[in-house]
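Work through the exercises below with the sequence and the model in view, trying each task before reading its solution.

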Amino acid sequence: MLFPHTASRRLVFRPASTAHHSDLVRTMLRTGIESVSPSARGGERDLSRCDAAFLVTSRSSGDVLGFSTLHGLDAAGHVKSGVYLDPLRARLGVGSEAIYLTINYAFAMFDVGKVVAQTTEATFGSVGLTPGSSEATAVLRDHLYFRGRHWDLHTFELGRDEWERHVDGELGGVLGPGLSWRRAPGPLGPAPSRPRPAA
């Protein structure tokens, strides 16, 4: 069983609302993921229509680094994910931690078999990918135009079984010492017993 963790070693997810919409759009523009137009892919930008939406904050400072969303939950058991981090604030691999928390939240909270994400080469570096090494399940060539050029749109899919294998292996240290994707967040184990006063 997976638990919906909303904190990792360096990040804390806090609920986002429609009051954060303009901040989300500004963050997306700063990320360079794509140009933002009112008609394009609006569902993931309308926080009121998301199945889950979070502010991604730094655990140490409390600063807002960006947004995480789950949207487009469908009857086929798929949900789309989006992680939009301000490149000037999100450093040192926190993008990967945000993605792991988002994917795990999707599988822990929803009856889905697959999480789908889309991005361009512009954001590969923030999640540890390099152009040419993409394991995308589909690539739409020259699909998006921003920064004065066309970009390929890479679609990534992750199945529940594959995620279950990841959390039991290489992702064990993401949450922090003594924490597990398969245990509820919060205090670990029983409360410590108090020493009895000497008689």
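**Exercise 1: the surroundings of S8**

Task: find which residues S8 contacts, leaving aside its neighbours within four places in sequence, and decide whether S8 is buried or exposed.

Solution. With contact taken as heavy atoms within 4.5 Å, S8 touches R59, E97, L101, V174 and L175. S8 lies in the segment before β1 (11–15), where strands are DSSP runs of E with at least two residues and helices are runs of H or I with at least four, numbered from the N terminus. Because its relative accessibility is 0%, S8 counts as buried, a term that means under 20% relative accessible area, with exposed over 50% and partly exposed in between (1.4 Å probe, protein chains only).

This is a predicted model, in which local features need pLDDT of at least 70 and side-chain atom pairs count only at pLDDT 80 or more, while totals for chains, interfaces and linings use all residues. Residues are numbered from 1 along each chain as its sequence is written, and side-chain values use heavy atoms, with hydrogens and water left out.

**Exercise 2: the largest nonpolar core**

Task: state which residues touch the most other members of the largest nonpolar core, and which element gives the largest share.

Solution. A nonpolar core is a set of buried Ala, Val, Leu, Ile, Met, Phe, Trp, Tyr and Cys residues joined through side-chain atoms within 4.5 Å. Among the 27 residues of the largest one, L11, L70, F107, W163 and W181 touch the most other members. Two or more residues each come from β1, β2 (52–58), β3 (64–71), β4 (78–85), α2 (94–109) and α3 (160–167), and α2 gives the largest share, seven residues.
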